[in-house]
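Subject: Structure handover

Hello,

Here is the structure I promised to pass on. My notes follow below it.

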Amino acid sequence: MGFEAPRRLVTALHERYGDTAAAEWLGRLPGLAERVPEQAGLTVERVVAPGGRGSLVLLVRDADGAPAALKIAPPFTRPALERDALAHWNGWGAVQLRAEAPEGALVLERLHPEVSLRSLPEAKALLEAAGTVRRLWVEPPAGHGFESLSERTDRQAEAMRAHASDAVAGTLVTAALAAREELLAGSAERVLLHGDFRQGKVLGGDRSPWLAVGPDPLVGERAYDLARLVRDRVEDLVAASAGAPAARRRVNKLADSLDVDRERLRGWTLFRAVESGTRALAAGRRQEAEWLLEFASWL
């Protein structure tokens with residue numbers, strides 16, 4: 001199979017995990033893309049492109065000719081945690097885990113990678129997203145290895161502090177860090193969260209109209225999981241003349257529809273937008289950072 005890693009994957013791995021780790025794994029990827037399907041008894045049809053930012057996805061068929069998808073991810077993205085979350089959901093609101101493959105790869109139910117909730121009008125997309133994510137919020141399995149909300153956001157907060165004196169982001173960083181401290185002190189909710197839930201992570205399926213993919217699972221409160229969804233299509237919100245009130249209405253609408261406290265959702269939305277904005281600044285993605293920080297300022 002002729003092979004070239006999707007550009008989105010290459011760029012994202014270098015930005016998020018550093019040049020050394022990304023280059024080492026990407027250098028191995030052509031061999032993995034050939035060897036893993038063969039060892040798993042799968043026939044490759046094509047690479048999904050532009051694909052995701054943390055893994056290579058191949059459309060494949062099994063020995064009986066049934067369609068499936070093969071997901072190959074670097075070990076530093078912790079694919080075993082995704083496997084554990086998908087196994088626990090067992091197809092309830094999420095893509096079905098079919099089997100494990102060599103090198104920690106996952107054989108998944110095949111969905112329609114070209115059809116995500118982003119293909120729908122905004123109001124319909126948010127409605128379908130809410131219906132999907134509520135099914136994922138279940139009790140985590142006994143003895144799980146998922147990190148807590150406090151642990152994950154502690155790492156993120158540490159990186160954000162480097163921008164505390166930044167002329168552009170400094171005030172927002174201070175506000176976001178204060179919001180995090182207050183939120184962590186006031187919640188005892190501990191459910192399994194998708195961790196990266198947004199419209200682009202919900203794909204069309206045959207077994208169910210919409211199913212979540214690509215979790216970065218953790219355990220914590222539901223408001224954190226909704227916070228990334230609030231800012232979906234942020235570029236459209238920033239371009240709109242009434243973007244600020246529209247963003248605040250979205251917070252209220254999502255909170256009310258899923259019985260989540262409005263202020264807790266607002267706080268986590270602020271934290272996650274500023275965290276993403278400062279990460280974009282550090283990676284040199286200035287336009288994205290400006291959108292995210294302007295959005296955060298509305299909250």
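Let me start with the aromatic cluster. Tyr224, Trp268 and Phe271 form one aromatic cluster. Rings of Phe, Tyr and Trp (its six-membered ring) pair if their centres lie within 6.5 Å; planes under 30 degrees apart count as stacked, over 60 as edge-to-face, and the rest as tilted.

Some ground rules next. This is a predicted model, where local features need pLDDT of at least 70, side-chain atom pairs count only at pLDDT 80 or more, and totals for chains, interfaces and linings use all residues. Residues are numbered from 1 along each chain as its sequence is written, and side-chain values use heavy atoms, with hydrogens and water left out.

Back to the rings. By the pairing rule, the count comes to four aromatic pairs. One of them joins Tyr224 and Trp268, edge-to-face, at 5.4 Å centre to centre and 85 degrees between the planes. Tyr224 lies in helix 7 (residues 222–230) and Trp268 in helix 10 (residues 262–282), so this pair ties together parts 44 residues apart in sequence. Helices here are DSSP runs (H or I, at least four residues), strands likewise (E, at least two), and both are numbered from the N terminus. Trp268 also pairs with Phe271, again edge-to-face, at 5.8 Å centre to centre and 90 degrees between the planes. Those two are three residues apart in helix 10, so about one helical turn separates Trp268 from Phe271. Tyr224 and Trp268 are both buried, and Phe271 is buried too. Buried means under 20% relative accessible area, exposed over 50%, and partly exposed in between (1.4 Å probe, protein chains only).

Helix 7 also holds Arg228. Is Arg228 buried or exposed? Arg228 is buried, because its relative accessible area is 16%. Leaving aside neighbours within four places in sequence, Arg228 is in contact (heavy atoms within 4.5 Å) with Phe197, Arg198 and Arg272.

In helix 1 (residues 7–17), Leu9, Val10, Ala12 and Leu13 are buried. The buried residues of helix 1 pack against helix 2 (19–39) and strand 2 (56–61). Gly18 follows helix 1, and its phi is positive, near 95 degrees.

Ala188 sits between helix 6 (170–185) and strand 7 (191–193). Ala188 counts as exposed, at 75% relative accessibility. Ala188 and Gly220 are 32 residues apart in sequence, yet 8.0 Å apart in space, C-alpha to C-alpha.

The protein has 11 helices and 10 strands. A compact globule of 299 residues would have a radius of gyration near 19 Å, and the protein agrees, with 19 Å. That radius is taken over C-alpha atoms, and the globule rule is 2.2 Å times the number of residues to the power 0.38. The C-alpha trace spans about 55 × 40 × 40 Å along its principal axes. Of the 299 residues, 51% count as buried. Among contacts with a separation of 6 or more, residues 24 or more positions apart account for 69%. The protein exposes about 13600 Å² (Shrake-Rupley, 1.4 Å probe), and carbon and sulfur atoms supply 50% of it.

Best wishes
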